[in-house]
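My entries follow in the order I made them.

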Amino acid sequence: VRYLGNAAMSFLTKIASGYWHVADSQCGYTAINRRALKLIDWRQMYKRYGQPNDLLVRLNILNLRVCDVMVEPIYGIGEQSGIKPFRMIPRLSKLLLRLFMYRMLNKYVIRDTHPLVLFYALGGILTVPGVLLGLFLVFWRLVQGPDTVAMTSALFAVFLSVMGTQSLLFAMLFDMEANRDLKG
């Protein structure tokens, strides 16, 4: 469970931070140089469990290079994690969404203009309604039976979902390319 949670949060952090090459962003172990220490506004830094995620987003906005440093975790015998997943997952997911929006606004709208913002927006606008409409139509079909109107709507739901997913994937590809030089 710990491994799967770490992998999921690391993937979401890659999307939020733009550091697609960082393997384990949830480790918490950080080595940082003096220049970066001076550039970061530590008063605005998130103070709880999501602090490494916040740090990565702020470093990306400043176009600072980041690299993985392999560390071996050492757990005490019988050590139990104090993390409550049902409280932490929604809180950290909300933080990652906020950090993602913060990075998009500051890096790709205010400081520079990049089409990846449009692809991310289009992907969100199309995918969410497409999936919701598709789920509604599946439920409708189970309750009401076959319907020709629902079949046309199902094609529309698939169209929205596919176009939205493609836009999200293109946005991620643009994001990876835009941040390729930040690999330390």
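Entry 1, serine 17. I located serine 17 in helix H1, which covers residues 2–17; the model I am reading is a predicted one. Leaving out residues up to four places away in sequence, I listed Leu56, Val57, Asn60 and Arg103 as what serine 17 touches.

With residues up to four places away in sequence not counted, threonine 13 touches Gly18, Ser25, Gln26, Asn53, Leu56 and Leu96.

Which residues of the largest nonpolar core touch the most other members? I noted Ile15, Leu92, Phe100, Met104 and Tyr120, out of 18 residues in that core. Two or more residues come from each of H1, helix H3 (51–61), helix H4 (85–110), helix H5 (116–144) and helix H6 (148–178). H4 gives the largest share, 8 residues. I then looked at tyrosine 120: setting aside neighbours within four places in sequence, it is in contact with Ile15, Trp20, Phe100, Met104, Leu168, Ala171, Met172 and Asp175. Another core lies apart from the largest one and has 11 residues, including Tyr19, Met45, Leu59 and Leu182.

Entry 4, aromatic pairs. I counted 4 aromatic pairs in the structure. Phenylalanine 119 and phenylalanine 170 make a tilted pair, 6.1 Å centre to centre with 55° between the planes. This pair joins distant parts of the chain, since phenylalanine 119 is in helix H5 and phenylalanine 170 in helix H6, 51 residues apart. Phenylalanine 119 has a relative accessible area of 27% and is therefore partly exposed; phenylalanine 170, at 44%, is also partly exposed. A second pair I looked up, phenylalanine 136 with tryptophan 140, is tilted too, at 5.9 Å centre to centre and 35° between the planes. Phenylalanine 136 and tryptophan 140 are both in helix H5, 4 residues apart, or about one turn of the helix. I also recorded one aromatic cluster, formed by Phe119, Phe170 and Phe174.

Phe136, Val138, Phe139, Trp140, Leu142 and Val143 form a nonpolar patch on the surface. Together they have about 640 Å² of accessible area. I checked two of these: phenylalanine 136 is partly exposed at 44% relative accessibility, and tryptophan 140 is partly exposed at 33%.

Notes: Residues are numbered from 1 along each chain as its sequence is written. This is a predicted model: local features need pLDDT of at least 70, side-chain atom pairs count only at pLDDT 80 or more; totals for chains, interfaces and linings use all residues. Side-chain values use heavy atoms; hydrogens and water are left out. Contact means heavy atoms within 4.5 Å. A nonpolar core is a set of buried Ala, Val, Leu, Ile, Met, Phe, Trp, Tyr and Cys residues joined through side-chain atoms within 4.5 Å. Buried means under 20% relative accessible area, exposed over 50%, partly exposed in between (1.4 Å probe, protein chains only). Patches are made of residues with over 30% relative accessible area and no salt bridge: like charges are joined within 9 Å, nonpolar side chains (Val, Leu, Ile, Met, Phe, Trp, Tyr) within 5 Å. Accessible areas come from the Shrake-Rupley method with a 1.4 Å probe; for residues, only the protein chains shown count as cover. A salt bridge is a side-chain nitrogen of Lys or Arg within 4 Å of a carboxyl oxygen of Asp or Glu. Rings of Phe, Tyr and Trp (its six-membered ring) pair if their centres lie within 6.5 Å; planes under 30 degrees apart count as stacked, over 60 as edge-to-face and the rest as tilted.
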